[in-house]
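Good morning, and thank you for coming.

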Amino acid sequence: MISQRAQNLQPSATLKVTGRAKELKREGKSIVSLSAGEPDFKTPKYICDAAIEAINGGQHGYTMNPGTPELREAICAKLKRDNGLDYDPSQIICSNGAKQSVGFALLALVNPGDEVIIPAPYWVSYPEMTRLAEGTSVTIRTSFENDFKLTPAELEEAITDKTRVLILCSPSNPTGSCYSAKDLEGLAEVLRKYPDVMVISDEIYEYIVFDGDHVSILNVAPDLKDRVVVVNGFSKGFAMTGWRLGYLAAEESIVKAVSKIQSQETSAPSTISQAAGTAAYNHDLSEVHAMREEFKKRRDFMVDSLNSIEGVSCFTPGGAFYVFPDISSYLGSKKADGSVIETSTDLCLYLLDEFGLAVVPGDAFGEPNGLRMSYAASIADLEEAMNRFKKGLASIS
Ligand SMILES: Cc1ncc(COP(=O)(O)O)c(C=O)c1O
C-alpha cells in the first residue's frame with residue numbers, strides 16, 4: 001500500500017514532454033530538445049583533477065555530516081569574495097545538491113499548515129517540496145510585463161499570519177529573470193514588517209548573470225541575515241550537475257536543524273565531490289566566465305529569433321540559460337485537422353509530435369501563457385530549433 005504522502009506528490013510535469021521526446025527519438029525520429037536543465041559543457045579540468053587526486057589519495061570514507069572543514073571554509077571564502085557576505089563554517093551545511101538544501105530547509109522551517117509563498121513561474125520542485133513538508137503553497141502569479149518579478153505589493157498582499165517562508169529564485173528557473181538591488185530593497189522593506197517570515201534565497205544560477213553583478217537579498221538587507229537561508233551549489237556555474245553538490249548558509253540554529261535532518265536521511269555528500277567543490281571555489285573563475293559568455297551569445301540569438309516571430313514576445317532575461325516567451329496569442333489556434341490548441345501543454349506536444357521540437361510548457365511552472373526553452377545547446381541546434389518553432393507556429397491558425 002502506497003502512503004498518502006507519496007500518492008499526493010505530483011511527478012515532475014516536465015516529464016510528459018521529455019518522456020515523449022525520448023520515445024520518439026528511440027523510434028528514430030529527428031528530435032531537437034531544448035528541455036534540458038543542465039549546462040552542455042564539461043566540468044573544468046582542475047576540478048576533475050582534484051577529484052581524481054582525492055580518489056588516488058585514499059579519501060574514501062565518510063566526512064563530517066555538514067561537510068569537510070576545507071569545503072566549508074572554501075564556501076565562506078567564496079561568499080566573502082563573490083558576495084561580500086560574512087559567514088562562519090558553523091553556518092554552512094553541504095548537501096547532495098541545491099535541491100536537497102531547499103528541501104531540507106523547508107523541512108526544518110515549516111510546520112504543518114504553514115504557508116510558503118512561491119512566485120510563479122516557479123521551479124517545479126518548490127510546491128512539491130512544500131507539500132512534503134506538510135506546508136501549504138501560496139503561489140503568486142507574476143507578470144510578463146514585470147519580467148516575472150514579484151512586486152512588494154504582491155508580496156504584502158499574500159502574507160497572512162500563517163506565512164512562514166518566501167522562496168526567491170534569482171536568476172530564475174524557468175524565466176531567467178534577475179532581481180535588481182532596487183527590486184530586492186522593495187521586498188526587504190515589506191519583510192521587515194513581518195519578522196516571522198523567513199526567506200529561502202535560491203542562488204544556484206548566480207554565476208550565469210549577463211548584465212552586471214548577481215545581487216543577493218542580503219546585499220541590500222544585511223539586517224535580515226538571521227531570517228535568510230542562502231542556497232547555492234556547483235551544478236550550473238561549474239557544469240557539475242552529476243557531481244551532486246550544494247549547500248546552504250544560514251543562522252546557526254537553522255544549520256543545526258538541517259544537519260539533524262540530513263544526518264538521518266542522507267549524511268554528508270560524496271567525499272570525492274566535496275574535494276572537487278573545494279578546488280572549484282579555491283580557483284579563479286575564468287572558465288566559469290567563459291561558459292557564461294557562451295551562454296550570453298546564445299541568449300541574444302534566442303531573444304532576437306523569438307521576437308522576430310509574429311505573435312511571440314520575449315523579454316531579455318538577465319541570467320540562467322532559459323528563455324520564457326509569451327505564446328498566449330497561439331492558444332485557441334486550430335491545427336490543420338481542425339482540433340484546437342487549448343493550453344501550452346497542447347502546443348508543446350504538437351511541436352514535439354509534428355516538428356520534433358521538445359520545449360517545456362509553461363503550465364508545468366504555473367504560467368499557462370508561456371513555455372520554457374533552455375539554450376544549453378549549440379548554436380547549430382538552437383538555429384534548427386528556431387526553424388522548427390517558426391514552422392510549427394506558422395502551421396496553426
Ligand atoms: C532553481 C533551481 N534550484 C535548484 C536546482 C537544483 O540544483 P542541484 O543540481 O544543485 O540540486 C535547480 C536545478 O535544476 C534549479 O533550477
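Strands β9 and β12 run antiparallel and are joined by two bridges. Strands here are DSSP runs of E with at least two residues, helices are DSSP runs of H or I with at least four residues, and both are numbered from the N terminus. Two strands pair if DSSP finds at least two bridges between them. Before I continue, please note that this is a predicted model, in which local features need pLDDT of at least 70 and side-chain atom pairs count only at pLDDT 80 or more, while totals for chains, interfaces and linings use all residues. Residues are numbered from 1 along each chain as its sequence is written.

Taken together, the three strands make an open sheet in the order β9-β12-β11, with antiparallel pairing. Why is one side of β9 and of β11 left without a neighbour in the sheet? Both strands, β9 and β11 (360-361), stand at the edges with a single partner strand each, so one side of each has no neighbour there.

As for β12, Leu 371 and Met 373 point one way, Arg 372 and Ser 374 point the other way, and all are buried. A residue is buried if 20 or more other C-beta atoms lie within 10 Å of its own, exposed if 12 or fewer do, and partly exposed in between, with C-beta atoms placed from the backbone.

In all, 30 residues of domain 1 are in contact with 28 residues of domain 2, where contact means that the C-beta atoms of two residues, placed from the backbone, lie within 7 Å. On the side of domain 1 that touches domain 2, the elements giving two or more residues are α1 (4-8), α12 (286-307) and β9 (322-323). Helix α12 provides the largest share of that side, six residues.

The largest nonpolar core has 120 residues, and those with the most contacts inside it are Ala 105, Ile 167, Val 229, Leu 248 and Tyr 375. A nonpolar core is a set of buried Ala, Val, Leu, Ile, Met, Phe, Trp, Tyr and Cys residues joined through C-beta atoms within 7 Å. Helix α5, residues 98-109, gives seven residues, the largest share of this core.

**The ligand and some backbone details**

Thirteen is the number of residues around the ligand: these 13 residues include Gly 97, Lys 99, Asn 173, Gly 233 and Ser 235 as the closest. A residue is near a molecule if its C-beta atom, placed from the backbone, lies within 6 Å of it.

Asn 173 also takes part in a cis peptide bond with Pro 174, with omega about 25°. Another cis peptide bond joins Ser 170 and Pro 171, with omega about -10°. Pro 171 is in the loop between β5 (163-169) and α8 (181-191).

Finally, is Ala 320 buried or exposed? Ala 320 counts as buried because it has 30 C-beta neighbours inside 10 Å. Ala 320 lies in the loop between α12 and β9, and its phi is near 60°, a positive value in a residue other than glycine.
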